[in-house]
Amino acid sequence: MKIIILHGLYMHGLAMQPLSHKLRSLGYQTKVITYNTLAIEKNRVFEKIDQALSLDTTNVLVGHSLGGLIIKAYLDTRKPSQQMISHVITIGTPIKGASIVQRIQELGIDAILGNSPEHGLKMHHDKWEFTQKLGCIAGTLPVGARALLMMDRSILSDGTVTVEETMIEGMTDHIQTPSSHTSLIYNSFVPKQIDHFIQSGCFDCS
C-alpha cells in the first residue's frame, strides 16, 4: 500500500519527512508532495498526485491542515475509485474551513495567506460524500496564533484550528490527541493511528 502525503500552509515537503519515515517503518511505501501554499496551482498539484499514485497497489492520501483540503478538492475533481484510493486521513485539517482565516481577513492582513483561502480555508458548508473512508485527527494543545487573534481560549483547539473544525458530516472516524497544530505531524501517535485506520477502518481509542 502507498501513502501520499501533503503538507500544510507555509510548509515544504521536508516538514513531512519524519512522518513519512515513521510510516515507512510500518511497512508502507510513501511519497511526499511539495507545493507552493501561497500561490496554489490546483491543476499542477493534482498532476503531482496523479503521478504519485501507484497502479500496482491501493493508495491512501494523508494531508496536514491545508493539505487535507487539497485532497478533498482532488477527490471532487478526479473522482478516483475506492480501489485506487481507499482511505483519506486528515491531520489538523479545518475540513469545512477555518475561523482563524476569517478573522485574518477581517483584520485586513489576509495577504499573508496568499490564495489559500480560495482552496478550502474559507468557512463553508460541506459534507463528506466520497467513497473513500475519512479519518480525522485533531490536536487539543492550544499553542499558536489563535489565542492572540481570536481571544477564545474556552474553545478546544490545537492553537490554530478548533477541534470542531476538524469534523465533517460523513467522516468515518475522529480522534483527538494533546498536540499543537504543528507538533501533530511529529508525534508518534499520528502514524500509529494512520496505520490502525488503514488496517481496521477506525482509530485505536484503547
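Biologist: Before we start: helices are DSSP runs of H or I with at least four residues, and strands are E runs with at least two, numbered from the N terminus. Where does T131 lie?

Modeller: T131 lies in the loop that runs between α4 (99-106) and β5 (133-139). Please note that this is a predicted model, in which local features need pLDDT of at least 70 and side-chain atom pairs pLDDT 80 or more, while totals for chains, interfaces and linings use all residues. Residues are numbered from 1 along each chain as its sequence is written, and side-chain values use heavy atoms, without hydrogens and water.

Biologist: Fine. Which residues is T131 in contact with, neighbours aside?

Modeller: If neighbours within four places in sequence are left aside, T131 is in contact (heavy atoms within 4.5 Å) with P80 and Q82.

Biologist: And how far is T131 from S54?

Modeller: Their C-alpha atoms are separated by 18 Å, and along the chain T131 and S54 are 77 residues apart.

Biologist: Let's move to α4 itself. Which of its residues are buried?

Modeller: S99, I100, V101 and I104 are buried in α4; buried means under 20% relative accessible area, exposed over 50% and partly exposed in between, with a 1.4 Å probe and protein chains only.

Biologist: What do those buried residues pack against?

Modeller: The buried residues of α4 pack against α5, which covers residues 146-150. After α4 comes G108, and the phi of G108 is positive, near 75°.

Biologist: New topic: α1. Which residues are buried there, and which are exposed on the other side?

Modeller: L19, S20 and L23 are the buried residues of α1. H21 and S25 are exposed on the other side of α1.

Biologist: How do α1 and α6 pack, then?

Modeller: Helix α1 (residues 17-25) packs with helix α6 (residues 189-200) at an angle of about 45°, and their axes are 9 Å apart. Axes are lines fitted to C-alpha atoms, for helices over the stretch in contact, and angles run from 0 to 180 degrees between N-to-C directions.

Biologist: What does that make them, relative to each other?

Modeller: α1 and α6 are therefore oblique to each other. Angles under 35 degrees count as roughly parallel, over 145 as roughly antiparallel, 65 to 115 as roughly perpendicular and the rest as oblique.

Biologist: Which residues meet?

Modeller: From α1, L19, K22 and L23 meet V190, P191 and I194 of α6.

Biologist: Tell me about K22. Which residues does it touch, neighbours aside?

Modeller: Residues up to four places away in sequence are not counted, and K22 then touches Y186, N187, S188 and P191. K22 and P191 are 169 residues apart in sequence, yet in space their C-alpha atoms are 6.5 Å apart. K22 has 26% relative accessibility, so it counts as partly exposed.

Biologist: What about α2 and α3: at what angle do they cross?

Modeller: The axes of helix α2 (residues 42-52) and α3 cross at roughly 80° and come within 10 Å. That makes α2 roughly perpendicular to α3. On the α2 side the contact is made by V45, F46, E47, I49 and D50, and on the α3 side by I70, A73, Y74, T77 and R78.

Biologist: Where is S65, and is it buried or exposed?

Modeller: S65 is placed in the loop between β3 and α3 (66-78). Its relative accessibility is 8%, so S65 counts as buried. Apart from neighbours within four places in sequence, S65 is in contact with G8, I91, G92, T93, P94 and H181.
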